[in-house]
Amino acid sequence: MTRKQAREEAFILVFEKEFNDNTVEEILETAKEVRDLIPDEYISTVFSGVFEHLEELDCIISDKSVGWKIGRISKTALGILRLAIFEMKYLDDIPVSVSINEAVELCKKYATGDDASFVNGILSSIAKEL
């Protein structure tokens, strides 16, 4: 599985958790059984890491999304933002520009053009501080 594919799988898991009260471990186990997902280290690290740092990530999103309460952000864009910000802050082996570009690509695939622009703006703002 390529990193791009792994990132997409991690996003799907993060998005799924938004609608599911199960633990990260239970969701991952279900994905293994139902979707035959074989999570690599990246998927496991990012999926669990997003929810370990959820309060911090959401605080960053709230600070940067001027005029937007976190509840107004689409679930898709929110999941992508959480994943990308986690990568940018905690995974030193991934260039920030790659995290931003891949997040925008996920938005283009799973969300709207407006979401892609919004996500790009938020992540670019965060990148300047990193």
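A nonpolar core is taken here as a set of buried Ala, Val, Leu, Ile, Met, Phe, Trp, Tyr and Cys residues joined through side-chain atoms within 4.5 Å, where buried means under 20% relative accessible area, exposed means over 50%, and partly exposed lies in between (1.4 Å probe, protein chains only). The structure is a predicted model, in which local features need pLDDT of at least 70 and side-chain atom pairs count only at pLDDT 80 or more, whereas totals for chains, interfaces and linings use all residues. Residues are numbered from 1 along each chain as its sequence is written, and side-chain values use heavy atoms, with hydrogens and water left out.

The largest nonpolar core comprises 42 residues, and those with the most contacts inside it are Tyr42 and Leu123. At least two residues of this core are supplied by each of helix 1 (3–18), helix 2 (24–34), helix 3 (41–52), helix 4 (54–64), helix 5 (75–90), helix 6 (96–110) and helix 7 (113–129), the helices (H or I, at least four residues) being DSSP runs numbered from the N terminus. Helix 5 provides the largest share of the core, with 9 residues. In soluble globular proteins, nonpolar side chains tend to be buried together. With contact defined as heavy atoms within 4.5 Å, and not counting residues up to four places away in sequence, Tyr42 touches Arg3, Ala6, Arg7, Ala10, Leu83, Glu87, Leu91 and Ile94.

Within helix 5 lies Thr76, which counts as buried because its relative accessibility is 13%. Again leaving aside residues up to four places away in sequence, Thr76 is in contact with Phe11, Phe15, Tyr110 and Ala111.

Salt bridges, defined by a side-chain nitrogen of Lys or Arg within 4 Å of a carboxyl oxygen of Asp or Glu, number 14 in a search of the whole structure. Side chains of opposite charge can pair when their charged atoms come close. In one of these bridges, Asp93 pairs with Arg3, with the closest N and O atoms 3.9 Å apart; the two residues belong to distant parts of the chain, Asp93 in the loop between helix 5 and helix 6 and Arg3 in helix 1, 90 residues apart. Asp93 is exposed, at 58% relative accessibility, whereas Arg3 is partly exposed, at 36%.

A further salt bridge joins the side chains of Arg35 and Glu16 (3.5 Å, N to O), linking the loop between helix 2 and helix 3, where Arg35 lies, to helix 1, where Glu16 lies, across 19 residues. Both Arg35, at 34% relative accessibility, and Glu16, at 24%, count as partly exposed. The side chains of Glu18 and Arg82 also meet in a salt bridge (2.7 Å, N to O), which connects helix 1 with helix 5 between residues 64 positions apart. Glu18 is partly exposed, at 27% relative accessibility, but Arg82 is buried, at 5%.

Most residues other than glycine have a negative phi. Asp36 counts as exposed because its relative accessibility is 59%.

With a disulfide defined as a pair of cysteine sulfur atoms within 2.5 Å, the structure holds 0 disulfides. Cys59 is partly exposed, at 43% relative accessibility, whereas Cys107 is buried, with a relative accessible area of 0%.
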